[in-house]
Amino acid sequence: SCIMESSLCYYDGVGSKCKMRCKFRYGDKASCSGDSDCLWDDANQVCKATCGRSTTEVGCEANAECEWFADKCVFKCEQIDISQCKAVGGSRCTVRQPGFSGTGGLSVPVCVKSCQFAYPT
């Protein structure tokens, strides 16, 4: 059953079937990128599930790379490449530059959650 093999598979509610996780389904960028459920991670050279596949907050937050924002599942800012930080993350994400106060020795720019979303009042 799909639930018994949750590390290998997931239940696709849209298609009403059990599917193999992206990281096991594809081993290269071309085939991974051709599947709307998956996204190629250049940094780690692995195929990952897109966050948009999750339709509930609980399901979304079960994926360590995703967070629930504005009633939908989105990639955490830290998972977004800096070249796509503002385009994908919108006002929720910002690029933090090396030398920025409090970065603890950051040597390259990174995409992070904007202060107004990281520390809401």
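Helices here are DSSP runs of H or I with at least four residues, strands are runs of E with at least two, and both are numbered from the N terminus. Counted that way, the protein has five helices and eight strands. Trace the cartoon from the N terminus and the order reads β-β-α-α-β-β-α-β-β-α-β-β-α.

Before you click on anything, some ground rules. This is a predicted model, where local features need pLDDT of at least 70 and side-chain atom pairs count only at pLDDT 80 or more, while totals for chains, interfaces and linings use all residues. Residue numbers start from 1 along each chain as its sequence is written, and side-chain values use heavy atoms, with hydrogens and water left out.

**The whole surface**

Show the surface. Of the 121 residues, 28% are buried; buried means under 20% relative accessible area, exposed means over 50%, and partly exposed is in between (1.4 Å probe, protein chains only).

**The cores**

Now select C51, C60, C66, C73, F75, C77, I80, C85, C93 and C111: these 10 residues form the largest nonpolar core. A core like this is a set of buried Ala, Val, Leu, Ile, Met, Phe, Trp, Tyr and Cys residues joined through side-chain atoms within 4.5 Å. A second, separate core has six residues, including C22, C38, W40 and C47.

Go back to C111 and show what surrounds it. Neighbours within four places in sequence aside, C111 is in contact (heavy atoms within 4.5 Å) with C77, E78, I80, I82, C85, C93, T94 and V95.

**The N-terminal end**

Where is S7? Look in the segment before β1 (9-12). S7 is exposed, at 54% relative accessible area, and beyond four places in sequence it is in contact with R21 and F24. Draw a C-alpha to C-alpha distance from S7 to M20 and you get 9.2 Å, for residues 13 apart in sequence.

Next, K19, in strand β2 (residues 17-20). Its side chain makes a 2.7 Å polar contact with that of D37. For such a contact, a pair of N or O atoms must lie within 3.5 Å; within protein, one must be able to donate a hydrogen and the other to accept it, and residues adjacent in sequence count only if both atoms are side-chain atoms. Residues up to four places away aside, K19 also touches L8, C9, Y10, D12 and R25.

Most residues other than glycine have a negative phi. Two stops here have a positive value instead:

- Q45, in the loop between β3 (38-41) and β4 (46-49), has phi near 55° and is exposed at 53%.
- D71, in the loop between β5 (66-69) and β6 (72-75), has phi near 65° and is exposed at 67%.

Residues up to four places away aside, T50 touches S36, D37, C38, L39 and F75.

**Last stop: a ring**

Select R92 and F69. The charged end of R92 sits over the F69 ring, 5.4 Å from its centre (NZ of Lys or CZ of Arg within 6 Å of the ring centre and within 35 degrees of the ring normal).
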